[in-house]
Amino acid sequence: MYRFLLTPRWWGINVFLLLSIPFCVFMGSWQLGRFEDRVDSHRDAEERVVSDQREKARPLDGLLPVTKATSGKQTTASGRYDTQLLVPDRQLDGEDGYYVLTLLRTDTGRALPVVRGWLPGDPDPAKVPAAPTGEVTVTGALQASETPGSNGVSARSGLPEGQTAAISAASLVNLVPYDVYDAWVTLNRGDPGMRAVPASAPDGTGLDLKAFQNLGYTAEWFAFVGFVIFMWFRLLRREVELARDAELGLTAAEDEAGDTGESEEGSPDSGDSRDSGDDLPRQSTGVSSPVQ
């Protein structure tokens, strides 16, 4: 009954099954490993943000450019506060609000964006405490420039004057008449009247969309394993049923019954033809019909 498994067709099906299952398991395990790596990276980044706060602050120029290794490190810079901007659509502890961003003019000629703190509600310059005057020294966590549209950063355009959607050199250079560092700092302690903004993990180390895509691909690969096995058993069951019917003669009997029915119905020597011929009127031999 199972001799059909030795046919070339089933050899091909079986080889495909034996190759596809380990391949799908390997790909699913690899995608799962990628997701676990991102989870570990996210956990390590959060722990590093906390540990970096206990480190001694280093000069700004020694930590640039900002990388995954230097993001969140404590830095210090001196200068005078200049232009102040508000950054809307920022949440803190689940509450809507905005950042207060002030540019610190340093001796290098470039300005360092400094997030002095966070306030709840809609951006309102009248509610923002004035920036300290004179020479100041700031200490906080170093952060990389933001990318609009990623990691919760707003990509809104057409904001009112005095506001910016993202904290990045590319955005700020169009708002101020001087060069801006490709980085920013969030103060460890917010200025009076404002809450400090905690440092965030660098890009590529969080549980973002790519991480959950890896998890979705994992489910797809393992689901494909089940689909391949299901289709193999379905084909096997179909072939076994056909083989059993052939052994019992069911298939041959059905074919013979079909052939017999066709010959009896369409035979020219059937009795129906003879009967229909006998019903026709016959003319006597040797007798001519009268001429009218």
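Mentor: In this predicted model, strand β5 (residues 135–143) and β6 pair in the antiparallel sense.

Trainee: What makes β5 and β6 a pair of strands?

Mentor: Two strands pair if there are at least two bridges between them, and β5 and β6 are joined over four bridges. They therefore count as paired. In β6, the bridge partner of L142 is V185.

Trainee: How do you know that strand β4 (residues 111–120) also pairs with β6?

Mentor: Two bridges join β4 to β6, and at least two are required. These strands run parallel, and V185 in β6 is the bridge partner of V114.

Trainee: Which residues of β6 point one way, and which the other way?

Mentor: W184 and T186 point one way, whereas V185 and L187 point the other way; all are buried. In a regular strand the side chains alternate between the two faces of the sheet.

Trainee: Why is the aromatic pair of F23 and W221 called edge-to-face?

Mentor: The ring centres are 5.6 Å apart, and the limit for a pair is within 6.5 Å. The planes stand at 85 degrees, and over 60 counts as edge-to-face. The pair is therefore edge-to-face. F23 lies in helix α1 (residues 8–52) and W221 in helix α3 (residues 209–247), so the pair ties together parts that are 198 residues apart in sequence.

Trainee: Why is F23 called partly exposed?

Mentor: Its relative accessibility is 45%; buried means under 20% and exposed over 50%, so F23 falls in between and counts as partly exposed.

Terms used:
Residues numbered from 1 in each chain as written. Predicted model: local features only at pLDDT ≥ 70, side-chain atom pairs only at ≥ 80, totals over all residues. Heavy atoms only, no water. Buried < 20%, exposed > 50% of the residue type's maximum accessible area, 1.4 Å probe, protein only. Phe/Tyr/Trp six-rings, centres within 6.5 Å; stacked < 30°, edge-to-face > 60°.
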